[in-house]
Every structure is written in structure tokens, then in C-alpha cells.
Amino acid sequence: MRVDEFDFDLPRRLIADRPAEPREAARLLEVAADGLTDRRIGDLPGRLREGDLLVVNDTRVIPARLHGKRGLAGIEIMLHQPAEAGRWRAFARPAKKLKPGDVVRFADDFAATIVAKGEAGEVEVAFDDPAGLAAQLQRHGEIPLPPYIDRPDGPDERDRADYQTVFARHDGAVAAPTAGLHFTPPLLDALAARGIETVRLTLHVGAGTFLPVKSDTVEGHVMHAERGVLTAEVADRIKAVRAAGGRIVSVGTTSLRLLESAAAEDGTVRPFDGSTAIFITPGYRFRAVDLLVTNFHLPRSTLFMLVCAFAGMERMTRAYAHAIATGYRFYSYGDACLLHRSDRDD
């Protein structure tokens with residue numbers, strides 16, 4: 001398939017700069033076989049059934065963007081995945097100024113050495129104090145907001161709270177699982193009161209999620225791997241819900257990608273602890289997920305390809321056209337969809 005099949009025009013004014021307040025007030029576009037319905041996030045409990053299972057991602061965003069200097073040259077380092085021996089893979093800007101052995105200093109007591117260079121600005125860095133890295137990131141790092149959120153002076157204190165989900169528990173993501181940003185304790189209470197249970201998995205979202213698809217064809221794109229954990233307890237709960245006739249509702253594309261990575265051919269979800277680079281495009285046969293709560297995604301992005309695979313390309317083209325025409329807010333801080341899988345629609 002050609003990547004330009006997933007292109008569309010999006011007015012800049014529809015890119016959300018802040019989340020809705022309260023979170024449950026965000027809009028929710030339900031996309032099903034019988035058409036498109038405009039709702040609110042607060043309506044979600046009434047759109048699910050007793051016995052359905054909500055699967056959420058409990059990764060926590062770390063302050064992964066660092067600004068430093070190599071000599072007099074300013075360098076930005078964006079961490080995206082731990083590597084061996086306490087090192088990190090990262091994207092550097094401008095990478096052309098760097099070579100192995102260069103030291104980038106972020107503070108008097110905080111520096112990293114470039115140990116390898118890859119393609120497209122990727123580098124591998126070794127920090128001078130790996131054991132103290134978490135504390136140094138809290139002091140000197142920035143929450144890595146996506147590039148389409150306009151913050152000329154960098155993320156502010158409000159972003160430190162706004163860009164974490166209520167589920168955030170395990171440090172490691174460099175981008176938020178943004179569908180989870182809509183959930184609050186009262187909404188979770190309302191879901192539980194309706195008999196809808198919530199379970200957690202962990203997929204540490206990498207900076208590769210920000211990278212554009214540069215190839216002309218879908219098949220030419222290579223996904224970055226991300227680390228995920230799905231426990232035996234959660235796998236057993238999913239199996240029990242399925243056996244009882246309940247549906248699996250993925251909160252976000254990150255949860256969906258890990259669920260599908262952990263699913264066997266017969267749909268059985270197994271424990272998972274490792275990396276996944278699954279790339280879901282139209283034609284993929286879904287095994288584990290029945291409904292998907294997700295935000296509105298970038299044109300030509302791997303995530304828009306995923307939702308087209310899940311709900312059907314024609315249906316999602318109509319849904320996005322409707323969202324743009326009626327002023328839905330897009331991307332990380334924007335509104336959401338409730339997608340019914342096109343081959344189920346129950």
C-alpha cells in the first residue's frame with residue numbers, strides 16, 4: 001500500500017494545546033457499523049457492557065528530553081529506549097555534530113558520552129552516573145511533549161501532570177499512552193459500578209512514535225521496538241472474560257499492540273515480557289481486541305494505519321472527515337474515538 005493513501009488535510013487550529021477540563025468532558029466519536037455518533041468520554045460506561053474488560057497501559061513518562069553542550073555547540077538528546085550495560089538509545093539533534101567519544105554535558109555533574117551512531121539521528125549514549133540517572137533526569141530533563149504541541153519555552157509544570165495518565169506506575173515511557181489521559185478516578189468508579197473491570201499491562205512508549213513514515217510504501221517502513229510486560233495474572237483474567245462472553249476493550253493503541261503481540265493464532269493472550277515492533281496495517285487479522293478507545297492521529301502515521309486496520313479504512317476516512325468538519329480536537333491532548341472492530345461490530 002502507498003503511504004499517501006493515509007493522508008488527509010488537518011487544520012492547525014484543531015490540534016489540542018491542553019487537555020479538556022474536566023477530562024470526562026472531552027468528546028468521544030463512536031465509530032460502528034451503523035454509523036458515527038457524537039458522545040462524550042463521560043458516556044463511555046453506558047457504551048460498554050457488564051462483563052467487558054478494560055485493558056490500560058500503566059507506563060509512566062520520564063523527563064527524557066535533555067539539553068546540553070558538546071563544547072560550545074548546543075545538543076538535544078531525546079532518550080527512547082534502554083540499551084545494554086546501562087546505556088540508552090536516543091535521538092540527537094543535530095546528530096551530524098556528534099561522533100563516538102564526544103561528551104555532551106547537561107550540568108556540571110551530569111554528562112553522557114556518545115558510544116555509537118546509527119541512522120536518522122539515532123545515537124547510543126553512556127551516562128557518567130547510571131545509578132543516579134533517574135534523579136538527574138528529574139532535575140534536568142523535560143517531559144517530552146510531541147512536536148506538534150506548541151511550547152516555545154518548553155513544557156511547563158502543568159504539562160508534568162497533564163501528560164501522565166491516572167494509571168502511570170512504571171517509569172520508562174518517553175511518550176504518554178494518550179488515550180489513558182481521558183480517564184479519572186470518578187470515571188473508573190462509574191465503569192466499575194457497571195461491572196466493567198480494569199486490568200493493567202505495561203508498554204514503554206518510545207520516541208519512535210514521533211517519527212514520520214518516510215518511505216513511499218507502507219511495507220518500506222520499519223518500526224522501532226518497545227519494551228512490554230503482560231503478566232500471567234492479566235492473561236488469565238483476559239481468558240476468563242472471553243470465556244464468559246465479555247469483550248476486550250483496549251485503552252489506546254499501545255495496549256492494543258502489546259495485546260496483539262501476546263496473542264496466539266487462536267486469540268489466546270499469553271504472558272509477555274520482551275520487546276515488540278509489531279506494525280499493524282490494513283489486512284491484519286486481530287486476535288485479542290474487540291473495541292478500541294484511542295485519540296485522533298497524525299496523517300500518514302503508523303497509528304492512523306492501525307485504526308484503519310481495526311475499524312476499516314473507508315469507515316475511518318469518513319470518521320476523520322466528520323471529526324474535522326465538526327471541530328474535534330486532535331492528537332495527544334485532544335478528543336477520542338470508540339472504535340468497534342470492523343469484523344465484529346458487536
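Helices here are DSSP runs of H or I with at least four residues, numbered from the N terminus. Keep in mind that this is a predicted model.

**Exercise 1: a pair inside one helix**

Work out how Asp162 and Arg158 are placed relative to each other in helix 3, and how buried each one is.

*Solution.* 
1. Start with the helix: helix 3 covers residues 157-162, and the two residues sit 4 apart in it, so about one helical turn separates them.
2. Now check the contact. Arg158 and Asp162 form a salt bridge, with 2.9 Å between the closest N and O atoms.
3. Buried means under 20% relative accessible area. Asp162 comes in at 6%, so it counts as buried.
4. Arg158, at 37%, is partly exposed.

**Exercise 2: two pairs that span the sequence**

Find which parts of the chain are tied together by Asp102 with Arg70, and by Glu226 with Arg257.

*Solution.* 
1. Take Asp102 and Arg70: their side chains meet in a salt bridge at 3.7 Å, N to O. The cut-off is 4 Å, so this pair makes the list.
2. Arg70 belongs to strand 5, while Asp102 is in the loop between strand 7 and strand 8 (103-107), so the bridge ties together parts 32 residues apart in sequence.
3. Look at accessibility: Asp102 is buried at 10%, and Arg70 is partly exposed at 26%.
4. Move on to Glu226 and Arg257, whose side chains meet in a salt bridge at 2.5 Å, N to O.
5. Strand 13 (residues 226-230) holds Glu226 and helix 6 (residues 253-262) holds Arg257, so this pair links parts 31 residues apart in sequence.
6. Glu226 is buried at 7%, and Arg257 is buried too, at 6%.

**Exercise 3: beyond single pairs**

How many salt bridges does the structure hold, and which residues are linked in a network of them?

*Solution.* 
1. The count for the structure is 27 salt bridges.
2. For the network, pick out Asp17, Arg18, Arg151, Asp156 and Asp159, which are linked by salt bridges.

**Exercise 4: the second largest pocket**

Describe the lining of the second largest pocket and say which strand gives the largest share.

*Solution.* 
1. Volume first: about 570 Å³.
2. The lining has 22 residues, and nearest the centre lie Arg65, Glu76, Met78, Arg93 and Pro147.
3. Sort the lining by type and you get 13 nonpolar, 3 polar and 6 charged residues.
4. Strand 5 (65-70), strand 6 (73-82) and strand 7 (88-93) each put in at least two residues.
5. Strand 7 gives the largest share, with 3 residues.

Note on methods. Residues are numbered from 1 along each chain as its sequence is written. This is a predicted model: local features need pLDDT of at least 70, side-chain atom pairs count only at pLDDT 80 or more; totals for chains, interfaces and linings use all residues. Side-chain values use heavy atoms; hydrogens and water are left out. On a 1 Å grid over the protein atoms alone, a cavity is a set of points where a 1.4 Å probe fits but cannot get out, and a pocket is an open set with protein on both sides within 12 Å along at least five of seven lines; lining residues have an atom within 4 Å of a point. Grid points are joined across faces, edges and corners, and a volume is the space filled by probe spheres set on the points. Ala, Val, Leu, Ile, Met, Phe, Trp, Tyr, Cys and Pro count as nonpolar, Asp, Glu, Lys and Arg as charged, and the others, Gly among them, as polar. Buried means under 20% relative accessible area, exposed over 50%, partly exposed in between (1.4 Å probe, protein chains only).
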